[in-house]
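Thanks for coming. Please look at the sequence and the structure on the screen before I start.

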Amino acid sequence: MNQKLIISALGLSGCLLAAACASTEDKQSRFIDADDPRRGEQVNRICFSRTIDSFKTVSDRQVILEASPRREYLVETSSCFQLDRAQRIGLTGHGGGCLSRGDIMLVSENIFAGRSNTQSPDRCFIQAMYEWNPDAAEEESKEDSEG
């Protein structure tokens, strides 16, 4: 059974709207690598994907999905041309309310995609998922200053 979830910048928090309207700097240079302290353990599945209600684009291959105020995940995709300008993301899993490697994100830079719009969303295959701790960098710098 396939599941679909559409996350849109319209109607979400101001933080999300600001992320969607971020400056046009080259987001490829913002790619988060394995050395980043905020990137946690790799996970095989993100369950309860229906609770994901927010996203922040990082680069043209990475997005942070917020499952709750305290649970976030860094998701890496295959090449995804619209991801760094995403206004709307759809998640398609293969059952059980979970996302896993190989599932698809439908990404559109147009919030009204699919409504008599000639531009179709990108199909981006999920390659890896990691726990995300936005406070880890701050904690690490605090430990360095104390030590």
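Which residues is Gln-62 in contact with, leaving aside its neighbours within four places in sequence? Before the answer, some ground rules. This is a predicted model, where local features need pLDDT of at least 70, side-chain atom pairs count only at pLDDT 80 or more, and totals for chains, interfaces and linings use all residues. Residues are numbered from 1 along each chain as its sequence is written, and side-chain values use heavy atoms, with hydrogens and water left out.

Now the answer: Arg-30, Phe-31, Ile-32, Thr-57, Leu-74, Val-75, Glu-76 and Leu-83, where contact means heavy atoms within 4.5 Å. Gln-62 is found in strand β5; strands are DSSP runs of E, at least two residues, numbered from the N terminus. Gln-62 counts as buried because its relative accessibility is 0%; buried means under 20% relative accessible area, with a 1.4 Å probe and protein chains only. Its side chain makes a polar contact with the side chain of Glu-76, at 3.0 Å. A polar contact is a pair of N or O atoms within 3.5 Å; within protein, one must be able to donate a hydrogen and the other to accept it, and residues adjacent in sequence count only if both atoms are side-chain atoms.

Next, the cores. A nonpolar core is a set of buried Ala, Val, Leu, Ile, Met, Phe, Trp, Tyr and Cys residues joined through side-chain atoms within 4.5 Å. The largest has 20 residues, and Ile-89 and Met-105 have the most contacts inside it. Strands β5, β6, β7, β9 and β10 each supply at least two of its residues. A second, separate core of 7 residues includes Tyr-130 and Trp-132.

Methods. Buried < 20%, exposed > 50% of the residue type's maximum accessible area, 1.4 Å probe, protein only. Helix = DSSP H or I, 4+ residues; strand = E, 2+ residues; numbered from the N terminus.
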